[in-house]
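Here are some numbered notes for a colleague who is opening this structure without having seen it before. They go through it one region at a time.

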Amino acid sequence: MCYYSEVSNEVPEHPCVSPVSNQVYERRLIEKYIAENGVDPITGQPLSEEQLIDIKLSHPIRPKAPSATSIPAILKSLQDEWDAVMLHSFTLRQQLQTTRQELSHALYQHDAACRVIARLTKEVTAAREALATLKPQAGLVAPQTGPTQPSIVAAGEAMDVSEQVGMTPDIIQKLQDKATVLTTERKKRGKTVPEELVRAEDLSKYRHMASHVGLHSASIPGILSLDLCPSDTNKVLTGGSDKNVVVFDKREEQILATLKGHTKKVTSVIYHPSQSVVFSASTDSTIRVWSVSGGSCVQVVRAHEAGVTGLSLHATGDYLLSSSEDQFWAFSDIQTGRVLTKVTDETTGSALTCAQFHPDGLIFGTGTADSQIKIWDLKERTNVANFPGHSGPITAIAFSENGYYLATGAQDSSLKLWDLRKLKNFKTIALDNSYEVKSLVFDQSGTYLAVGGSDIRVYICKQWSEVLNFTEHTGVVTGVAFGEHAQFLASSGMDRSLKFYSL
């Protein structure tokens, strides 16, 4: 029910009744009228405010305006409401666009700040290294710069040395001179492929020739690393889960030495190219230098505080590069066992999983647990390039002898090839789902690339086509290596076997 005020002819907000005329009024208006005239506006009889009787309504309902009682009027009302909604939506979109621009600007400022922090961190690291170089070191052995490689004399285990000696100008000059010689030799060779190198059509005919399973303990199975002696590829070096390092003669098919000393599994091994010396790294955080002829450890390098994950020998044969789960890489002198420099990238805070020298020895690459490949300048101890692209921890990296290509593998079942001249990825080889890449190696001429993991695959460079595939291992393949001129292929695996393949 609706009441209309006799004065305004509208639905009153506070209705009341006059007992004189029995009419409904808006209390606000009738009170004003009584105050001015003192009578009822209809009958003209005397009336006071106390005589007015309020009408109580729960929710007074206003009648619809006449303009909304027809279909065209209702459609127009709906159109007006739609227009209002669209205008409100447009305003919200404008506000969203403005907010996005402000957020983009804030993210840009954050990125710029992170870059400045990273640059300052590198400058601080470089300053610390320079300071360490200037500090006098008691008992420092001067590095040999002559053409003759000094021998490492075995006299029992060396004293543990963890302090950083620093990169002296003589060491830097030695590295530079060696790089100059190697670059000159590479230019002389040009793109000529050695005549003795096995051709691709012959390589594709390789088959499994021999298998040896008695090198390491059967109680803790697994060979984790493999290397061949560069000067005599018949000498094979392996490191196992049983904490032992084994030197094996392929031609005589017998073990030359079993080297014991590590307290945890051996993760990486290297054979010295010109001396009867081998190197091993372990998760016990140590690097050991062994005399093959003496069968004993002649040096212990304690460069890290966590497990050592990668090892690479410099082209001079005098220095070792190591990577570790402690997020540092270290450059050590194998003659003295001293750590020359030790660096980390504080901007990432991720463990290093592998490390490898470039053939010239002035730069090297490291892989990280957060899928980054980093290129470092050894002389400056700075990170000069990064190669993102993998989606899992990096498991292996390898530089080609031509100095241009870098191959990387990770736990994302892919193999990536990078051009160091253009600093970009030019080829990605998608492997089978759940394929585990554990080892990558180019042959000495840079013509072939071998991949070890769920199986063994060999690719011919430039075409990057697969020419060989072996599935003889019953466990994951942890190491692959080419014999001289690719005349045979060696592999090791978690099935505790060392296998050879040839024509």
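Helices and strands here are DSSP runs, numbered from the N terminus, a helix having at least four residues and a strand at least two. The model is a predicted one.

1. Glu-49. With that numbering, Glu-49 falls in the loop between H1 and strand S3 (53-54). Glu-49 counts as partly exposed, at 37% relative accessibility. Apart from neighbours within four places in sequence, Glu-49 is in contact with Glu-31 and Ile-34. Glu-436 is 387 residues from Glu-49 along the chain, and the C-alpha atoms of the two are separated by 96 Å.

2. Arg-27. Helix H1 covers residues 27-37, and Arg-27 lies in it. Is Arg-27 buried or exposed? Its relative accessible area is 19%, and the cut-off for buried is under 20%, so Arg-27 is buried. Setting aside neighbours within four places in sequence, Arg-27 is in contact with His-14, Cys-16, Leu-52 and Asp-54. From C-alpha to C-alpha, Arg-27 and His-14 are 5.8 Å apart in space, while in sequence they are 13 residues apart.

3. Helix H3. This helix has 21 residues, 169-189. From its first C-alpha to its last, H3 reaches 30 Å, close to the 30 Å expected at 1.5 Å a residue. The buried residues in H3 are Ile-171, Lys-174, Leu-175, Ala-179, Leu-182 and Arg-186.

4. Partners of S10. Strand S9 (residues 266-271) pairs with S10 in the antiparallel sense over 5 bridges. Ser-268 stands opposite Ala-281 in S10. S9 and S10 form a hairpin, with 5 residues between them. S10 is also joined to strand S11 (residues 287-291) by 5 bridges, and S10 and S11 run antiparallel. Phe-279 has Val-289 as its bridge partner in S11. S10 and S11 form a hairpin with 4 residues between them, and in the turn Ser-285 has a positive phi of about 75 degrees.

5. Aromatic pairs. A pair of aromatic rings is described by the distance of the centres and the angle of the planes. The structure holds 13 aromatic pairs. In one of them, the rings of Tyr-405 and Trp-464 have centres 5.7 Å apart and planes at 65 degrees, so the pair is edge-to-face. Tyr-405 belongs to strand S22 (residues 405-410), and Trp-464 to the loop between strand S27 (456-460) and strand S28 (465-470), so the pair ties together parts 59 residues apart in sequence. Tyr-405 is buried, with a relative accessible area of 12%. Trp-464 is buried as well, with a relative accessible area of 8%.

6. A stacked pair. The rings of Phe-470 and Tyr-501 have their centres 4.2 Å apart and their planes at 20 degrees, so the pair is stacked. This pair links distant parts of the chain, with Phe-470 in strand S28 and Tyr-501 in strand S31 (residues 498-502), 31 residues apart. Phe-470 counts as buried at 6% relative accessibility. Tyr-501 is buried, with a relative accessible area of 0%.

7. Other ring arrangements. Which residues do ring pairs link into a cluster? They are Tyr-319, Trp-329, Phe-331, Phe-357, Phe-364 and Trp-376. Elsewhere, Lys-250 lies over the face of Phe-488, at 4.4 Å from the ring centre. Lys-250 also lies over the face of Phe-500, at 5.6 Å from the ring centre.

Note on methods: Residues are numbered from 1 along each chain as its sequence is written. This is a predicted model: local features need pLDDT of at least 70, side-chain atom pairs count only at pLDDT 80 or more; totals for chains, interfaces and linings use all residues. Side-chain values use heavy atoms; hydrogens and water are left out. Rings of Phe, Tyr and Trp (its six-membered ring) pair if their centres lie within 6.5 Å; planes under 30 degrees apart count as stacked, over 60 as edge-to-face and the rest as tilted. Buried means under 20% relative accessible area, exposed over 50%, partly exposed in between (1.4 Å probe, protein chains only). A charge sits over a ring if NZ of Lys or CZ of Arg is within 6 Å of the ring centre and within 35 degrees of the ring normal. Two strands pair if DSSP finds at least two bridges between them. The expected span of a helix is 1.5 Å times one less than its number of residues. Contact means heavy atoms within 4.5 Å.
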